[in-house]
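Good morning, and thank you for coming.

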Amino acid sequence: MINNSEIMSDARESLTGKWPLAIGTFLILILISMGASLIPYAGQIIGMVIAGPLSVGAAFFALKISRDQEAKTDDLFFSFNNNLGNSILAYLLVFVFAFIGFILLIIPGIIVALALSQTWFILAENPSMDSYSAVVKSKDMMNGYKWQYFKIGLRLFLLGILCLFTLGIGFLWLIPYQYVVYAKFYEQVKAANA
């Protein structure tokens, strides 16, 4: 059984000494995403096109931090150099499947989103894997772990509420922490499915 408290503690430990790098990297991610959305007319389309590659890059960066490997801000752009089309298509697939789930009812949409949550980490580790296979692998991996993932997401959401009391400054620490927590979760689920 996966222990969420242990995962969160391990993530904090992995970030020790790497906070400035992690905060700077995720600040760049946020600025790129916001900047793309501000472009008149094409902003929404550009935002959707870069969301997948940036999600895979963020997962790649978080996995390196999680594994105590040398992480660099350039890791954020990993997917732009490694099968860009896959990450774009994966984003569209995840978006469509989750959207269909939300149209049916909110709960099925949440379940689908939880099931497909590992797609970015799978593509970060296997950039040559096609997007549909990554989505299916995520769904299979999360079989029996969706509730666990939901609970860890709820803890992070509550930390997010606390960040509001810091006028949003706390998010500079929470966002990298959240990604590394999810990377640790991915490692645990992957090991359990091996």
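Predicted model: local features only at pLDDT ≥ 70, side-chain atom pairs only at ≥ 80, totals over all residues.

Residues are numbered from 1 along each chain as its sequence is written, and side-chain values use heavy atoms, with hydrogens and water left out.

Let us start with the helices. Two packed helices are described by the angle between their axes and the distance between the axes. Helices here are DSSP runs (H or I, at least four residues), numbered from the N terminus. Axes are lines fitted to C-alpha atoms over the stretch in contact, and angles run from 0 to 180 degrees between N-to-C directions. Helix α2, residues 19-37, and helix α3, residues 43-66, have axes that come within 8 Å and cross at roughly 165°. The two helices are therefore roughly antiparallel to each other, a term for angles over 145 degrees.

Which residues of α2 meet α3? Among them are Leu21, Phe26, Leu29 and Ile32 in α2, and the residues they face in α3 include Ile46, Ile50, Leu54 and Phe61. Contact means heavy atoms within 4.5 Å.

I turn now to charged side chains. The structure holds 8 salt bridges, each a side-chain nitrogen of Lys or Arg within 4 Å of a carboxyl oxygen of Asp or Glu.

One of these salt bridges joins Asp68 and Lys18, with the closest N and O atoms 3.2 Å apart. Asp68 lies in the loop between α3 and α4 and Lys18 in the loop between α1 and α2, so the pair ties together parts that are 50 residues apart in sequence. Is Asp68 buried or exposed? Asp68 is exposed, with a relative accessible area of 55%, whereas Lys18 is partly exposed at 21%. Buried means under 20%, exposed over 50%, and partly exposed in between, with a 1.4 Å probe and protein chains only.

Glu187 pairs with Arg67, the closest N and O atoms being 2.4 Å apart. Lys190 and Glu125 also meet in a salt bridge, at 2.9 Å from N to O.

Conventions. Parallel < 35°, antiparallel > 145°, perpendicular 65-115°, else oblique.
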